[in-house]
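Morning, everyone. Please look at the model on the screen while I talk.

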Amino acid sequence: MNRGNRVGAVCDELTVTNDGGRSRRSSGVVEVLGAVLTLLSAVFILLSFPLTGWMCAKVIHEYERAVIFRLGRVVKGRAKGPGLFWFIPWLDVIQTVDLRTVSFNIQPQEVLTADGVSLKVDAVVFYRVVDPSSWVTRVEDGYQAIHTLTQTTLRAALGAHTLTDVLTQRTGIARRIEETLHAASILWGVQVERVEIKDLSLPVNLQRCMASEAEAARRARAKMIVAEGEVKASHALKEAASGLSPVAYHLRYLQSLSSVQSSASIVVFSLPAELLDMFIPHQPQDLNVSAGR
């Protein structure tokens, strides 16, 4: 039984080795054939240059790069451009890549925060291509891939935070989303430059609750401010009263009577100044007499 297993394993290894050798041989044959076709094409172009020269030239703008596929394979080296370059029309296929920064909006996404609050969030993403060859060969639809990746990353990042964190740490959350997108999309030849959270839409009931809470907090602060003002005013009056003499009390009393406006709704009762003695203990007798006068 063991001998049979060993024989089967050896056969599998030989099969894999043969397949690898065949693929390498076929690859070598394709490379040789491509080199021969390229050489013959170059000779043909040189012999018929006045006629074929305009067919073999292409101009690439400053913000573009050209990725050339020759016989289905990417031509080694960096992408062509900007400016004028030559190619073989019947052997090469050219794909042009735009290197300018691209921005797109993320439609409002339903996000459930860590504390169970439902939000609608929309964002804007800025990115640009830094490796045209990877952008063409490693991803089929780069725009759709970046768009889908941004949606899932946005939901995952916001779902890991509470509502308070989302409202107070928008910049930090956007920065972490940007880092996550950059790490995931760098293999596609893309650099995510910036991510911004545009708007956060809360449910109407939650908005009302938050408004009521904020109003109650403002009322509480207002009452605290009024209470603190009354305490300070009472302390100030106490300090001012402690430094007044009975004569000063009497003069202040008369001044207050003169400042009262004459109106039918105001009734003023005049009291003898000697009644102040019971509210001012430990006062000398001569001062009380002066106050009575």
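We start with an open sheet of 3 strands, ordered β6-β7-β8, with antiparallel pairing. Strands here are DSSP E runs of at least two residues, and helices are H or I runs of at least four, numbered from the N terminus. Two strands pair if DSSP finds at least two bridges between them. β6 and β8 (190-201) are the edge strands; each has a single partner strand, so one side of each has no neighbour in the sheet. On average, neighbouring strands are turned by 25° against each other, direction ignored.

A word on the source. This is a predicted model: local features need pLDDT of at least 70, side-chain atom pairs count only at pLDDT 80 or more, and totals for chains, interfaces and linings use all residues. Residues are numbered from 1 along each chain as its sequence is written, and side-chain values use heavy atoms, without hydrogens and water.

Now β6 and β7 (residues 118-129). They pair in the antiparallel sense over 9 bridges. F104 stands opposite V125 in β7.

Next, E110. It lies in strand β6 (residues 102-112).

What does E110 touch? Leaving out residues up to four places away in sequence, E110 touches S118, L119, K120 and R155. Contact means heavy atoms within 4.5 Å.

Last, E110 and S201 are 91 residues apart along the chain, yet their C-alpha atoms are separated by 9.6 Å.

How values were computed:
Axes fitted to C-alpha atoms, helices over the stretch in contact; angles between N-to-C directions.
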